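Open the model in your viewer and keep the selection tool at hand. We will walk through it stop by stop, with something to select at each one.

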Amino acid sequence: MQGESGSNDSVDVRAALARLRRASGLPVAFGGLLAGTGRYRINELSGTASAALRGLHIHHGNGLGGKAAALSRPFAVADYPSSPAISHEYDAAVGAEGLRSVLAVPVIVRRRVRGVLYGALRRPLRLGDRPLSAAMEAARELEQALLLQDEAARLLSVARQPTAADPAMWEEVREAHGALRALAQRVADPVLRREMLAACGRLAAASSGRSDGGVEAPALAPREVDVLACVASGATNAEAAQLLGLRPETVKGYLRSAMRKLGARSRMQAVIAARRAGVLP
């Protein structure tokens with residue numbers, strides 16, 4: 001989807017629609033994100049029989065989804081074509097798909113509506129609490145995914161800045177490196193994850209003055225580097241475990257392994273050795 005955050009959002013929207021259908025029992029789901037001031041583009045479809053809804057631009061306040069966005073709350077109609085509660089700019093597309101009972105849930109990130117998710121039936125029916133709750137939960141998960149995307153974009157912008165000899169700048173770069181590695185494990189989109197880890201490699205290589213990504217460094221496993229990056233930022237084993245989604249005992253194991261490979265006897269010796277080898281910035 002070409003939304004505000006680019007094509008990386010497609011994976012997260014598709015996952016939200018799959019969850020909505022699975023948990024609600026509704027056979028049709030579709031949705032989209034902000035695609036300009038006051039409009040949302042429907043670009044992800046699940047369970048539809050045609051492409052009638054694909055690419056549809058929903059304007060703020062118009063139709064069911066536009067009303068949900070304007071009110072910043074879920075909204076549902078038992079029979080879309082005849083509902084007096086909404087405007088009917090999109091009746092042709094909805095009718096082409098044969099939809100009757102429809103709900104719409106806004107996707108709100110930092111108090112701003114960033115998209116709309118829909119669930120629908122092909123017969124008129126007053127929807128109960130189950131489908132509405134499922135749609136709201138799917139929207140909440142998408143909101144969290146978009147927050148991760150925003151944070152990843154912020155950290156990548158730091159990673160792309162020219163490095164400097166200023167110690168304060170290097171501290172910011174090192175913090176961004178550690179946060180990027182931890183965040184990469186939680187990002188669903190594989191393309192964005194690879195981009196984030198590649199940026200981490202560039203930061204680490206820049207710190208040693210090498211552009212080869214540290215090929216002479218010991219063969220550390222990715223999780224060992226993740227743990228070292230957390231340790232470098234001052235995190236305890238418990239804090240590193242929470243950041244990386246691991247058990248504290250697992251973090252200790254990775255740290256011991258990394259120390260052995262680096263020939264270090266302490267956590268800080270391991271961090272220093274990793275920086276010298278170009279593994280950490």
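## Stop one: the sheet

Begin by selecting β2 and β3, which pair in the antiparallel sense over three bridges. Two strands count as paired if DSSP finds at least two bridges between them. Strands (E, at least two residues) and helices (H or I, at least four) are DSSP runs, numbered from the N terminus. Within this pairing, pick Arg39 and look across to β3, where His59 stands opposite.

A word before moving on: this is a predicted model, in which local features need pLDDT of at least 70 and side-chain atom pairs count only at pLDDT 80 or more, while totals for chains, interfaces and linings use all residues. Residues are numbered from 1 along each chain as its sequence is written, and side-chain values use heavy atoms, leaving out hydrogens and water.

Now widen the selection to the whole open sheet: six strands in the order β3-β2-β1-β6-β5-β4, with antiparallel pairing. At its edges are β3 (57-59) and β4 (75-77), each pairing on one side only. From one strand to the next, the twist averages 25 degrees.

## Stop two: a helix across the strands

Select residues 63-71, helix α2. This helix lies across β2, β3, β4, β5 (101-109) and β6, and runs at about 35 degrees to β5. Contact here means heavy atoms within 4.5 Å. Axes are lines fitted to C-alpha atoms, for helices over the stretch in contact, and angles run from 0 to 180 degrees between N-to-C directions.

## Stop three: charged partners

Side chains of opposite charge can pair when their charged atoms come close. A salt bridge is a side-chain nitrogen of Lys or Arg within 4 Å of a carboxyl oxygen of Asp or Glu, and by this rule the count comes to eleven.

Select Arg14 and Glu44, whose side chains meet in a salt bridge (3.6 Å, N to O). The pair links distant parts of the chain, 30 residues apart: Arg14 is in helix α1 (residues 9-24) and Glu44 in strand β2 (residues 39-46). Buried means under 20% relative accessible area, exposed over 50%, and partly exposed in between (1.4 Å probe, protein chains only).

Next, go to Glu97 and Arg122, a salt bridge with its closest N and O atoms 2.5 Å apart. Glu97 lies in helix α3 (residues 91-97) and Arg122 in the loop between β6 (112-121) and α4 (129-160), so the pair ties together parts 25 residues apart in sequence. Glu97 is buried at 3%; Arg122 is partly exposed at 37%.

Then select Arg140 and Glu143, which form a salt bridge at 2.8 Å, N to O. Both lie in helix α4, three residues apart, about one turn of the helix. Glu143 is buried at 9%, and Arg140 is partly exposed at 30%.

Finish this stop with Arg110, Arg114 and Asp150, linked in a network of salt bridges.

## Stop four: two crossing helices

Show side chains to see where Leu228, Val231 and Ala232 in α7 meet residues of α10, among them Met268, Val271 and Ala274.
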